Amino acid sequence: MGKIIVGVDGSDTASKAAARAAALASALGHELIVVSAFSSTDRLQVGRPGDELDLSASDAALKMAQQAIEDLPAGLAGLTTTPRSEFGKPADVLVRVAEELGASIIVVGNKRVQGVTRVLGSIAADVAHHAPCDILIAHTH
C-alpha cells in the first residue's frame, strides 16, 4: 500500500491540505500519514480553561494529528490513517518521514507568507527542495 504524508499544525491551511490529502489517499487506496511536528520538549497545557491537560510537546503534537484525522470529511472509502508526532522543523520532519516510510506523495498547503517564499510558503518551498517523492501543493485559500 502506498503512503501519503501530510503535516498538520492546527491551522485552517493545514486542515484544508489534510482534507485534500485524505481525498487523494482514498482515491488511490493509499494510507494517509498525518504528521505534527514539535520543536520543544517542554510540557504544554492544552484544552479549554477548566478542562486543561498537561501534556508533553510530543503528546500535544500527537493529539493534534489525531484531531486532524477526526476532522477529515466523512465518506472516504477505505481510508487508513496513522497519526504521528515528530521532533523537528516541519519541513524537515515531512521529508524525514517520507524517506523513512517510502512515501509516494507529500501534501502541503500553500499558506501565504511574506518575502521570497511568498509564492509557495516556506514549508512548501523547503519540502519541494528536499522531498524524496512527488509533492502536491494544495490550494488552501
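**Ground rules**

I'm working from a predicted model, where local features need pLDDT of at least 70, side-chain atom pairs count only at pLDDT 80 or more, and totals for chains, interfaces and linings use all residues. Residue numbers run from 1 along each chain as its sequence is written, and side-chain values use heavy atoms, with hydrogens and water left out.

**Overall fold**

I counted four helices and seven strands. Helices (H or I, at least four residues) and strands (E, at least two) are DSSP runs, numbered from the N terminus. Going along the sequence, I get the pattern β-α-β-β-β-α-β-α-β-α-β.

I then checked burial: 39% of the 141 residues count as buried. My cut-offs were under 20% relative accessible area for buried, over 50% for exposed and partly exposed in between, with a 1.4 Å probe and protein chains only.

I looked at contacts too, meaning heavy atoms within 4.5 Å. Of those between residues at least 6 apart in sequence, 69% join residues at least 24 apart.

**The cores**

I took a nonpolar core as a set of buried Ala, Val, Leu, Ile, Met, Phe, Trp, Tyr and Cys residues joined through side-chain atoms within 4.5 Å.

The largest one has 18 residues, and Ile4, Val6, Val8, Ala21, Leu32, Val34 and Val107 have the most contacts inside it. Two or more residues come from each of strand S1 (3-7), helix H1 (12-28), strand S2 (31-38), helix H2 (57-70) and strand S6 (105-109). H1 gives the most, with six residues.

Beyond four places in sequence, Val6 touches Ala17, Ala18, Ala21, Leu32, Ile33, Val34, Val35, Leu94 and Val107. Apart from that core lies another, of 15 residues, with Ala98, Ala103, Val108 and Val127 among them.

Ile33 lies in strand S2. I call Ile33 buried because its relative accessible area is 2%. Skipping residues up to four places away, I find Ile33 touching Lys3, Ile4, Ile5, Val6, Thr82, Arg84, Val97 and Leu101. Pro83 is 50 residues from Ile33 in sequence, yet their C-alpha atoms are 6.0 Å apart.

Val35 also sits in S2 and counts as buried at 2% relative accessibility. Leaving aside neighbours within four places, Val35 is in contact with Ile5, Val6, Gly7, Val8, Arg84, Glu86, Val93, Leu94 and Val97. I noted 7.4 Å between the C-alpha atoms of Val35 and Leu94, which are 59 residues apart in sequence.

For helix lengths I used an expected span of 1.5 Å times one less than the number of residues. The 14 residues of H2 should span 20 Å, and the end C-alpha atoms are 20 Å apart, so the two agree. Buried in H2 are Ala57, Ala60, Ala61, Ala65, Ala68 and Ile69.

Helix H3 (residues 90-101) has 12 residues and reaches 16 Å from first C-alpha to last, close to the 16 Å expected. Its buried residues are Ala91, Val93, Leu94, Val95, Val97 and Ala98. They pack against S1, S2, strand S5 (80-87), S6 and helix H4 (122-130).

Gly88 is in the loop between S5 and H3. With a relative accessible area of 16%, Gly88 is buried. Its contacts beyond four places in sequence are Ala37, Phe38 and Val93. At the other end, Gly102 follows H3 and has a positive phi, near 65°.

**H3 against H4**

I get an angle of about 35° for H3 and H4, with their axes 8 Å apart. Axes here are lines fitted to C-alpha atoms, for helices over the stretch in contact, and angles run from 0 to 180 degrees between N-to-C directions. Pro90, Ala91, Leu94, Val95 and Glu99 of H3 meet Ile123, Asp126, Val127 and His130 of H4.

Val127 of H4 is buried at 0% relative accessible area. Val127 and Ile106 are 21 residues apart in sequence, with 8.4 Å between their C-alpha atoms.
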